[in-house]
Amino acid sequence: MNPFRYERARDASSAVALLAQEPGGVFLAGGTNLVDHLKLGVSQPDLLVDITHLPYDRIEPLPDGGVRIGALVRNSDLAADRIIRSRYPLLVQALLAGASGQLRNLATTGGNLLQRTRCVYFQDISKPCNKRVPGSGCPAQEGYHRELAILGASEACIATHPSDMAVALVALDAVVRVLGPQGERVIPLVDFYRLPGEEPQRDTVLEHGELITAVDLPPLPFATRSHYRKVRDRASYAFALVSVAAALEVADGVVREVRIALGGVAPRPWRATKAEAVLRGAPATEDVFRRAAEAELADAQPLPGNAFKVPLARNVLVRTLLDLTEEEVQP
Ligand SMILES: Cc1cc2nc3c(=O)[nH]c(=O)nc-3n(C[C@H](O)[C@H](O)[C@H](O)COP(=O)(O)OP(=O)(O)OC[C@H]3O[C@@H](n4cnc5c(N)ncnc54)[C@H](O)[C@@H]3O)c2cc1C
Ligand code: SF4
(Lines give C-alpha, C1' and ligand atoms only; values in the text may rest on other atoms or scores of the structure.)
(Ligands and ions follow the chains in the order given, each with its own letter.)
Protein backbone atom coordinates (compact mmCIF):
# COMPACT_ATOMS: atom_id res chain seq x y z
CA MET A 1 0.00 0.00 0.00
CA ASN A 2 1.31 3.46 -0.90
CA PRO A 3 1.82 5.94 1.96
CA PHE A 4 -0.85 8.66 2.17
CA ARG A 5 -1.85 11.55 4.41
CA TYR A 6 -5.04 11.36 6.47
CA GLU A 7 -7.21 14.35 7.42
CA ARG A 8 -10.52 14.33 9.27
CA ALA A 9 -12.83 17.01 7.81
CA ARG A 10 -14.39 19.36 10.38
CA ASP A 11 -17.16 20.51 8.07
CA ALA A 12 -18.26 20.16 4.45
CA SER A 13 -16.51 23.24 3.13
CA SER A 14 -13.17 22.24 4.64
CA ALA A 15 -13.60 18.73 3.19
CA VAL A 16 -14.08 20.23 -0.26
CA ALA A 17 -11.21 22.70 0.21
CA LEU A 18 -8.82 19.93 1.31
CA LEU A 19 -9.44 17.94 -1.87
CA ALA A 20 -9.39 21.01 -4.11
CA GLN A 21 -5.75 21.52 -3.04
CA GLU A 22 -4.80 17.88 -3.62
CA PRO A 23 -5.40 16.39 -7.10
CA GLY A 24 -4.42 12.95 -5.77
CA GLY A 25 -6.85 13.02 -2.84
CA VAL A 26 -10.10 11.13 -2.20
CA PHE A 27 -12.92 11.19 0.35
CA LEU A 28 -13.19 8.30 2.81
CA ALA A 29 -16.69 7.29 3.97
CA GLY A 30 -17.43 3.73 5.17
CA GLY A 31 -14.24 2.53 3.45
CA THR A 32 -15.74 -0.82 2.39
CA ASN A 33 -14.78 -0.28 -1.25
CA LEU A 34 -11.99 2.26 -0.99
CA VAL A 35 -9.91 0.42 1.61
CA ASP A 36 -10.03 -2.77 -0.48
CA HIS A 37 -8.75 -0.72 -3.42
CA LEU A 38 -5.94 0.75 -1.31
CA LYS A 39 -4.85 -2.74 -0.31
CA LEU A 40 -5.03 -4.04 -3.89
CA GLY A 41 -3.19 -1.01 -5.30
CA VAL A 42 -6.17 -0.14 -7.52
CA SER A 43 -6.35 3.26 -5.85
CA GLN A 44 -3.17 5.08 -4.77
CA PRO A 45 -4.26 8.41 -3.27
CA ASP A 46 -1.89 10.89 -1.65
CA LEU A 47 -4.55 12.10 0.77
CA LEU A 48 -7.64 10.59 2.44
CA VAL A 49 -10.19 13.11 3.68
CA ASP A 50 -12.35 11.34 6.25
CA ILE A 51 -15.91 12.68 5.93
CA THR A 52 -17.59 10.37 8.43
CA HIS A 53 -18.01 13.15 11.02
CA LEU A 54 -19.95 15.49 8.73
CA PRO A 55 -23.61 16.03 9.64
CA TYR A 56 -25.13 14.09 6.74
CA ASP A 57 -26.47 11.10 8.64
CA ARG A 58 -30.18 11.97 8.68
CA ILE A 59 -33.27 10.95 6.71
CA GLU A 60 -35.66 13.90 6.57
CA PRO A 61 -39.06 14.62 4.98
CA LEU A 62 -39.06 17.36 2.32
CA PRO A 63 -41.78 20.03 1.95
CA ASP A 64 -42.88 18.59 -1.43
CA GLY A 65 -43.62 15.22 0.20
CA GLY A 66 -40.32 13.65 -0.85
CA VAL A 67 -37.47 12.50 1.38
CA ARG A 68 -33.84 13.65 1.77
CA ILE A 69 -31.28 10.95 2.54
CA GLY A 70 -27.98 12.29 3.90
CA ALA A 71 -24.88 11.02 2.10
CA LEU A 72 -23.58 9.45 5.30
CA VAL A 73 -26.73 7.51 6.18
CA ARG A 74 -25.58 3.91 6.52
CA ASN A 75 -27.19 1.33 4.26
CA SER A 76 -28.57 -0.58 7.31
CA ASP A 77 -30.18 2.54 8.74
CA LEU A 78 -31.73 3.43 5.40
CA ALA A 79 -33.18 -0.05 4.99
CA ALA A 80 -34.64 0.11 8.52
CA ASP A 81 -36.18 3.56 8.23
CA ARG A 82 -39.95 3.56 8.69
CA ILE A 83 -40.72 6.12 5.97
CA ILE A 84 -38.50 4.40 3.42
CA ARG A 85 -39.99 1.00 4.30
CA SER A 86 -43.56 2.15 3.86
CA ARG A 87 -43.14 4.38 0.80
CA TYR A 88 -40.25 2.99 -1.21
CA PRO A 89 -40.20 -0.79 -0.64
CA LEU A 90 -38.04 -1.46 -3.71
CA LEU A 91 -35.25 0.62 -2.17
CA VAL A 92 -35.31 -1.42 1.03
CA GLN A 93 -35.28 -4.66 -0.96
CA ALA A 94 -32.34 -3.43 -3.07
CA LEU A 95 -30.34 -2.45 0.02
CA LEU A 96 -30.98 -5.76 1.76
CA ALA A 97 -30.00 -7.66 -1.41
CA GLY A 98 -26.53 -6.05 -1.28
CA ALA A 99 -23.35 -7.15 0.49
CA SER A 100 -23.81 -8.46 4.08
CA GLY A 101 -25.20 -7.12 7.36
CA GLN A 102 -21.75 -6.09 8.60
CA LEU A 103 -20.89 -4.30 5.35
CA ARG A 104 -24.25 -2.51 5.29
CA ASN A 105 -23.58 -1.25 8.82
CA LEU A 106 -20.55 0.62 7.46
CA ALA A 107 -21.49 1.40 3.85
CA THR A 108 -22.89 4.89 3.27
CA THR A 109 -25.35 6.26 0.73
CA GLY A 110 -22.71 8.40 -1.03
CA GLY A 111 -20.06 5.66 -1.01
CA ASN A 112 -22.52 3.10 -2.32
CA LEU A 113 -23.29 5.30 -5.34
CA LEU A 114 -19.57 5.67 -6.08
CA GLN A 115 -18.43 2.08 -5.57
CA ARG A 116 -16.48 0.89 -8.59
CA THR A 117 -16.95 -2.01 -10.97
CA ARG A 118 -16.26 -5.57 -9.91
CA CYS A 119 -14.71 -6.49 -13.27
CA VAL A 120 -11.94 -8.92 -12.25
CA TYR A 121 -9.34 -7.22 -14.46
CA PHE A 122 -10.06 -3.82 -12.94
CA GLN A 123 -9.25 -5.23 -9.51
CA ASP A 124 -6.06 -7.02 -10.60
CA ILE A 125 -3.22 -4.54 -11.09
CA SER A 126 -1.11 -7.14 -12.88
CA LYS A 127 -3.59 -6.98 -15.81
CA PRO A 128 -4.25 -4.21 -18.36
CA CYS A 129 -7.55 -2.37 -17.95
CA ASN A 130 -8.69 0.82 -19.70
CA LYS A 131 -10.76 1.88 -16.72
CA ARG A 132 -7.80 1.69 -14.32
CA VAL A 133 -5.01 2.61 -16.75
CA PRO A 134 -6.47 4.45 -19.76
CA GLY A 135 -5.20 3.11 -23.07
CA SER A 136 -3.87 -0.17 -21.63
CA GLY A 137 -6.58 -2.38 -23.18
CA CYS A 138 -9.63 -4.38 -22.19
CA PRO A 139 -8.85 -8.06 -21.66
CA ALA A 140 -12.47 -8.74 -20.66
CA GLN A 141 -13.65 -8.56 -24.27
CA GLU A 142 -11.78 -11.73 -25.21
CA GLY A 143 -11.52 -13.03 -21.67
CA TYR A 144 -13.83 -13.46 -18.70
CA HIS A 145 -16.96 -11.32 -19.17
CA ARG A 146 -19.78 -13.44 -17.77
CA GLU A 147 -20.84 -10.68 -15.34
CA LEU A 148 -20.30 -7.79 -17.75
CA ALA A 149 -22.49 -5.50 -19.84
CA ILE A 150 -24.91 -6.27 -22.66
CA LEU A 151 -26.15 -2.66 -22.99
CA GLY A 152 -24.35 0.68 -23.16
CA ALA A 153 -20.80 -0.70 -23.35
CA SER A 154 -18.04 0.51 -25.69
CA GLU A 155 -14.96 -0.87 -27.43
CA ALA A 156 -12.95 0.50 -24.54
CA CYS A 157 -14.91 -1.03 -21.64
CA ILE A 158 -17.78 -3.45 -21.00
CA ALA A 159 -17.85 -3.25 -17.20
CA THR A 160 -21.11 -3.21 -15.24
CA HIS A 161 -22.02 -0.87 -12.41
CA PRO A 162 -22.27 -2.93 -9.22
CA SER A 163 -24.62 -1.04 -6.88
CA ASP A 164 -28.07 -2.48 -6.13
CA MET A 165 -29.19 0.64 -4.27
CA ALA A 166 -28.42 2.85 -7.28
CA VAL A 167 -30.72 0.77 -9.52
CA ALA A 168 -33.64 1.34 -7.16
CA LEU A 169 -32.79 5.04 -6.87
CA VAL A 170 -32.69 5.47 -10.66
CA ALA A 171 -36.13 3.88 -10.91
CA LEU A 172 -37.34 6.32 -8.23
CA ASP A 173 -36.09 9.42 -10.12
CA ALA A 174 -33.70 10.28 -7.29
CA VAL A 175 -31.60 13.44 -7.44
CA VAL A 176 -28.03 13.79 -6.13
CA ARG A 177 -27.01 16.92 -4.21
CA VAL A 178 -23.36 17.86 -4.51
CA LEU A 179 -21.07 20.48 -2.95
CA GLY A 180 -17.91 21.41 -4.85
CA PRO A 181 -15.29 24.16 -5.08
CA GLN A 182 -17.72 26.10 -7.33
CA GLY A 183 -20.68 25.69 -4.94
CA GLU A 184 -23.72 23.41 -4.91
CA ARG A 185 -25.36 21.59 -7.75
CA VAL A 186 -28.16 19.10 -8.17
CA ILE A 187 -27.90 16.18 -10.63
CA PRO A 188 -30.69 13.74 -11.54
CA LEU A 189 -29.25 10.30 -10.78
CA VAL A 190 -30.19 9.12 -14.26
CA ASP A 191 -27.66 11.68 -15.62
CA PHE A 192 -25.09 11.14 -12.86
CA TYR A 193 -23.43 8.04 -14.34
CA ARG A 194 -21.52 8.16 -17.64
CA LEU A 195 -21.40 5.52 -20.31
CA PRO A 196 -17.77 4.51 -20.93
CA GLY A 197 -17.33 5.68 -24.53
CA GLU A 198 -13.64 6.38 -24.97
CA GLU A 199 -13.15 7.53 -21.37
CA PRO A 200 -14.05 4.52 -19.23
CA GLN A 201 -11.91 5.84 -16.37
CA ARG A 202 -14.69 8.35 -15.52
CA ASP A 203 -17.71 6.60 -13.99
CA THR A 204 -19.74 9.73 -13.22
CA VAL A 205 -20.11 13.41 -14.09
CA LEU A 206 -18.62 14.43 -10.71
CA GLU A 207 -15.59 16.70 -10.87
CA HIS A 208 -12.59 16.22 -8.60
CA GLY A 209 -13.34 17.49 -5.10
CA GLU A 210 -17.13 17.37 -5.37
CA LEU A 211 -18.76 15.95 -2.28
CA ILE A 212 -22.13 14.19 -2.37
CA THR A 213 -24.14 15.65 0.51
CA ALA A 214 -27.56 14.02 0.00
CA VAL A 215 -29.91 12.11 -2.27
CA ASP A 216 -33.47 13.42 -2.66
CA LEU A 217 -36.42 11.17 -3.45
CA PRO A 218 -39.58 12.62 -5.03
CA PRO A 219 -42.94 11.71 -3.41
CA LEU A 220 -43.91 9.15 -6.14
CA PRO A 221 -47.02 7.80 -4.35
CA PHE A 222 -47.36 4.71 -6.56
CA ALA A 223 -43.90 3.54 -5.46
CA THR A 224 -45.63 1.86 -2.51
CA ARG A 225 -46.30 -0.85 -5.10
CA SER A 226 -42.75 -1.61 -6.17
CA HIS A 227 -40.27 -4.44 -6.14
CA TYR A 228 -36.53 -5.12 -6.54
CA ARG A 229 -35.58 -8.56 -7.82
CA LYS A 230 -31.94 -9.62 -8.03
CA VAL A 231 -30.58 -12.74 -9.73
CA ARG A 232 -27.08 -13.76 -8.63
CA ASP A 233 -24.87 -16.81 -8.34
CA ARG A 234 -25.23 -17.11 -4.54
CA ALA A 235 -28.00 -16.09 -2.18
CA SER A 236 -25.73 -13.68 -0.31
CA TYR A 237 -22.49 -11.78 -0.82
CA ALA A 238 -22.81 -11.73 -4.61
CA PHE A 239 -23.35 -8.97 -7.13
CA ALA A 240 -26.27 -8.98 -9.56
CA LEU A 241 -26.11 -10.90 -12.81
CA VAL A 242 -29.38 -9.18 -13.60
CA SER A 243 -31.66 -7.13 -11.40
CA VAL A 244 -34.92 -5.29 -11.92
CA ALA A 245 -36.31 -2.36 -9.93
CA ALA A 246 -39.91 -1.58 -10.85
CA ALA A 247 -42.84 0.48 -9.58
CA LEU A 248 -46.21 0.03 -11.25
CA GLU A 249 -49.64 1.62 -11.07
CA VAL A 250 -52.47 -0.26 -12.75
CA ALA A 251 -56.09 0.97 -12.88
CA ASP A 252 -58.92 -0.93 -14.61
CA GLY A 253 -56.40 -3.31 -16.09
CA VAL A 254 -54.36 -0.53 -17.74
CA VAL A 255 -50.85 0.65 -16.81
CA ARG A 256 -51.17 4.24 -15.58
CA GLU A 257 -47.62 4.80 -14.32
CA VAL A 258 -44.43 2.80 -14.36
CA ARG A 259 -40.76 3.19 -13.48
CA ILE A 260 -38.20 0.52 -14.36
CA ALA A 261 -34.44 0.27 -13.99
CA LEU A 262 -32.18 -2.70 -14.71
CA GLY A 263 -28.99 -3.64 -12.88
CA GLY A 264 -26.11 -5.95 -13.81
CA VAL A 265 -26.56 -5.34 -17.54
CA ALA A 266 -24.86 -2.00 -18.25
CA PRO A 267 -22.06 0.35 -17.14
CA ARG A 268 -24.65 2.36 -15.24
CA PRO A 269 -27.99 1.61 -13.59
CA TRP A 270 -30.10 1.30 -16.73
CA ARG A 271 -33.34 3.25 -16.82
CA ALA A 272 -35.65 1.23 -19.07
CA THR A 273 -37.32 4.11 -20.89
CA LYS A 274 -38.22 2.02 -23.95
CA ALA A 275 -40.01 -0.57 -21.85
CA GLU A 276 -41.78 2.20 -19.92
CA ALA A 277 -42.99 3.77 -23.18
CA VAL A 278 -44.52 0.46 -24.33
CA LEU A 279 -46.22 -0.05 -20.99
CA ARG A 280 -47.75 3.38 -20.31
CA GLY A 281 -51.45 3.28 -21.25
CA ALA A 282 -51.29 -0.37 -22.37
CA PRO A 283 -53.17 -3.34 -20.90
CA ALA A 284 -51.33 -4.88 -17.92
CA THR A 285 -50.93 -8.33 -19.49
CA GLU A 286 -48.06 -10.77 -19.77
CA ASP A 287 -47.97 -10.29 -23.52
CA VAL A 288 -47.51 -6.51 -23.17
CA PHE A 289 -44.90 -6.98 -20.42
CA ARG A 290 -42.96 -9.29 -22.74
CA ARG A 291 -43.14 -6.78 -25.60
CA ALA A 292 -41.90 -4.05 -23.27
CA ALA A 293 -38.94 -6.17 -22.15
CA GLU A 294 -38.09 -7.04 -25.73
CA ALA A 295 -38.20 -3.36 -26.75
CA GLU A 296 -35.70 -2.53 -24.02
CA LEU A 297 -33.35 -5.37 -24.87
CA ALA A 298 -33.50 -4.97 -28.67
CA ASP A 299 -30.20 -3.05 -28.63
CA ALA A 300 -28.38 -5.58 -26.45
CA GLN A 301 -24.94 -6.54 -27.75
CA PRO A 302 -23.92 -9.55 -25.72
CA LEU A 303 -20.62 -11.43 -25.97
CA PRO A 304 -20.47 -15.24 -25.97
CA GLY A 305 -20.00 -15.46 -22.21
CA ASN A 306 -22.88 -13.20 -21.21
CA ALA A 307 -25.51 -13.84 -23.91
CA PHE A 308 -27.58 -15.65 -21.25
CA LYS A 309 -28.32 -12.23 -19.73
CA VAL A 310 -30.64 -11.25 -22.59
CA PRO A 311 -33.34 -13.90 -21.92
CA LEU A 312 -32.63 -13.68 -18.20
CA ALA A 313 -33.27 -9.92 -18.10
CA ARG A 314 -36.40 -10.32 -20.21
CA ASN A 315 -37.82 -13.05 -17.98
CA VAL A 316 -36.96 -11.32 -14.70
CA LEU A 317 -38.58 -8.09 -15.89
CA VAL A 318 -41.76 -9.87 -17.02
CA ARG A 319 -41.97 -11.85 -13.75
CA THR A 320 -41.47 -8.71 -11.66
CA LEU A 321 -44.23 -6.83 -13.51
CA LEU A 322 -46.57 -9.81 -13.20
CA ASP A 323 -45.92 -9.96 -9.46
CA LEU A 324 -46.69 -6.25 -9.16
CA THR A 325 -50.06 -6.72 -10.88
CA GLU A 326 -50.98 -9.43 -8.39
CA GLU A 327 -52.30 -8.62 -4.96
CA GLU A 328 -49.23 -9.48 -2.92
CA VAL A 329 -45.68 -9.02 -4.20
CA GLN A 330 -43.75 -12.28 -3.83
CA PRO A 331 -40.27 -12.06 -2.29
C1 LIG B 1 -17.67 -8.54 -0.05
C2 LIG B 1 -18.51 -7.38 -0.56
C3 LIG B 1 -19.73 -7.67 -1.14
C4 LIG B 1 -20.52 -6.60 -1.63
N5 LIG B 1 -21.73 -6.89 -2.21
C6 LIG B 1 -22.48 -5.86 -2.72
C7 LIG B 1 -23.71 -6.11 -3.39
O8 LIG B 1 -24.14 -7.25 -3.51
N9 LIG B 1 -24.41 -5.04 -3.85
C10 LIG B 1 -23.95 -3.75 -3.71
O11 LIG B 1 -24.64 -2.82 -4.15
N12 LIG B 1 -22.79 -3.49 -3.10
C13 LIG B 1 -22.05 -4.52 -2.60
N14 LIG B 1 -20.86 -4.25 -2.01
C15 LIG B 1 -20.32 -2.90 -2.08
C16 LIG B 1 -20.69 -2.02 -0.93
O17 LIG B 1 -22.08 -1.75 -1.01
C18 LIG B 1 -19.87 -0.75 -1.11
O19 LIG B 1 -18.53 -1.09 -0.82
C20 LIG B 1 -20.31 0.36 -0.19
O21 LIG B 1 -21.66 0.71 -0.45
C22 LIG B 1 -19.44 1.59 -0.38
O23 LIG B 1 -19.80 2.56 0.58
P24 LIG B 1 -18.69 3.18 1.56
O25 LIG B 1 -19.36 4.21 2.38
O26 LIG B 1 -17.97 2.08 2.31
O27 LIG B 1 -17.73 3.84 0.49
P28 LIG B 1 -16.14 4.08 0.52
O29 LIG B 1 -15.45 2.78 0.29
O30 LIG B 1 -15.74 4.89 1.68
O31 LIG B 1 -16.01 5.01 -0.78
C32 LIG B 1 -16.29 4.53 -2.08
C33 LIG B 1 -15.96 5.66 -3.06
O34 LIG B 1 -16.87 6.74 -2.89
C35 LIG B 1 -16.18 7.97 -2.61
N36 LIG B 1 -17.08 8.67 -1.67
C37 LIG B 1 -17.65 8.15 -0.56
N38 LIG B 1 -18.54 9.03 -0.04
C39 LIG B 1 -18.51 10.13 -0.83
C40 LIG B 1 -19.23 11.36 -0.83
N41 LIG B 1 -20.13 11.65 0.11
N42 LIG B 1 -18.95 12.26 -1.80
C43 LIG B 1 -18.03 11.99 -2.76
N44 LIG B 1 -17.33 10.85 -2.80
C45 LIG B 1 -17.57 9.91 -1.86
C46 LIG B 1 -14.84 7.55 -2.05
O47 LIG B 1 -13.86 8.52 -2.28
C48 LIG B 1 -14.59 6.27 -2.85
O49 LIG B 1 -14.06 6.61 -4.10
C50 LIG B 1 -20.06 -5.27 -1.50
C51 LIG B 1 -18.83 -5.01 -0.89
C52 LIG B 1 -18.05 -6.04 -0.43
C53 LIG B 1 -16.72 -5.73 0.21
S1 SF4 C 1 -14.35 -4.23 -18.99
FE2 SF4 C 1 -13.66 -2.21 -18.33
S3 SF4 C 1 -13.04 -2.59 -16.22
FE4 SF4 C 1 -13.07 -4.59 -17.25
S5 SF4 C 1 -11.02 -4.92 -18.15
FE6 SF4 C 1 -12.24 -3.92 -19.69
S7 SF4 C 1 -11.73 -1.75 -19.38
FE8 SF4 C 1 -11.20 -2.76 -17.51
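Me: Two strands count as paired if DSSP finds at least two bridges between them. With that in mind for this predicted model, how many residues does the hairpin between β6 and β7 run through?

Reply: Start with the pairing: β6 and strand β7 (residues 183-188) run antiparallel to each other over six bridges. At one of these bridges, G180 has G183 in β7 as its partner. The hairpin that joins β6 to β7 goes through two residues.

Me: What about the sheet made of β9, β10, β11 and β12: which are its edge strands?

Reply: This one is an open sheet of four strands, antiparallel, in the order β9-β10-β11-β12. An edge strand pairs on one side only, and here that picks out β9 (226-231) and β12 (270-271).

Me: And inside that sheet, which residue is the bridge partner of S243 in β11?

Reply: β10 and strand β11 (residues 254-263) are antiparallel partners, with nine bridges between them. Look at S243, and the partner you find in β11 is G263.

Me: Let's go to the largest nonpolar core. Which element gives the most residues to it?

Reply: The core has 41 residues, and I84, Y88, L91, L113, L169, L189 and L217 are the ones touching the most other members. Elements giving two or more residues include β5 (67-70), α3 (75-80), α5 (89-96), α8 (164-171) and β10 (242-251). The top contributor, with seven residues, is α8.

Me: Take L169 from that core. Which residues does L169 contact, leaving aside neighbours within four places in sequence?

Reply: L169 is one of the members that touch the most others in the 41-residue core, and L91, L113, L189 and L217 are also on that list. With the sequence neighbours set aside, the contacts of L169 are L91, L113, A174, L189, V215 and L217.

Me: Now helix α1: which elements do its buried residues pack against?

Reply: Helix α1 spans residues 12-20, and its buried residues are A12, S14, A15, V16 and L19. In general, residues three or four places apart on an α-helix point the same way, because there are 3.6 residues a turn. The buried set of α1 packs against β2 (25-28), β3 (47-50), β6 and β8.

Me: Is K131 buried or exposed?

Reply: K131 sits in the loop between α7 (109-113) and α8. Away from its sequence neighbours, K131 is in contact with R116, T117, F122, C157, A159, P200, Q201 and D203. Its relative accessible area is 11%, and the cut-off for this class is under 20%, so K131 is buried.

Me: On to charges: how far apart in sequence are the parts tied together by R259 and D173?

Reply: The two side chains form a salt bridge, with N and O 2.8 Å apart. R259 is in strand β11, while D173 is in the loop between α8 and β6. Because of those locations, the pair ties together parts whose separation in sequence is 86 residues.

Me: Of that pair, which is the partly exposed one?

Reply: R259 has a relative accessible area of 12%, which puts R259 in the buried class. The other residue comes in at 30% relative accessibility and counts as partly exposed: D173.

Me: Which residues are linked in the salt-bridge network?

Reply: R259 also meets E257 in a salt bridge, again at 2.8 Å from N to O, and E257 is partly exposed at 25% relative accessible area. The network containing these residues links D173, E257, R259, R271, E276 and R280.

Me: What is the distance between the closest N and O atoms of R146 and E147?

Reply: R146 counts as partly exposed at 27% relative accessibility, and E147 is partly exposed with a relative accessible area of 27%. A salt bridge needs the nitrogen within 4 Å of the carboxyl oxygen. R146 and E147 form one, with the closest N and O atoms apart by 3.7 Å.

Key: Residues are numbered from 1 along each chain as its sequence is written. Chains are lettered from A and ligands numbered from 1 in the order in which they are written. This is a predicted model: local features need pLDDT of at least 70, side-chain atom pairs count only at pLDDT 80 or more; totals for chains, interfaces and linings use all residues. Side-chain values use heavy atoms; hydrogens and water are left out. A nonpolar core is a set of buried Ala, Val, Leu, Ile, Met, Phe, Trp, Tyr and Cys residues joined through side-chain atoms within 4.5 Å. Buried means under 20% relative accessible area, exposed over 50%, partly exposed in between (1.4 Å probe, protein chains only). Contact means heavy atoms within 4.5 Å.
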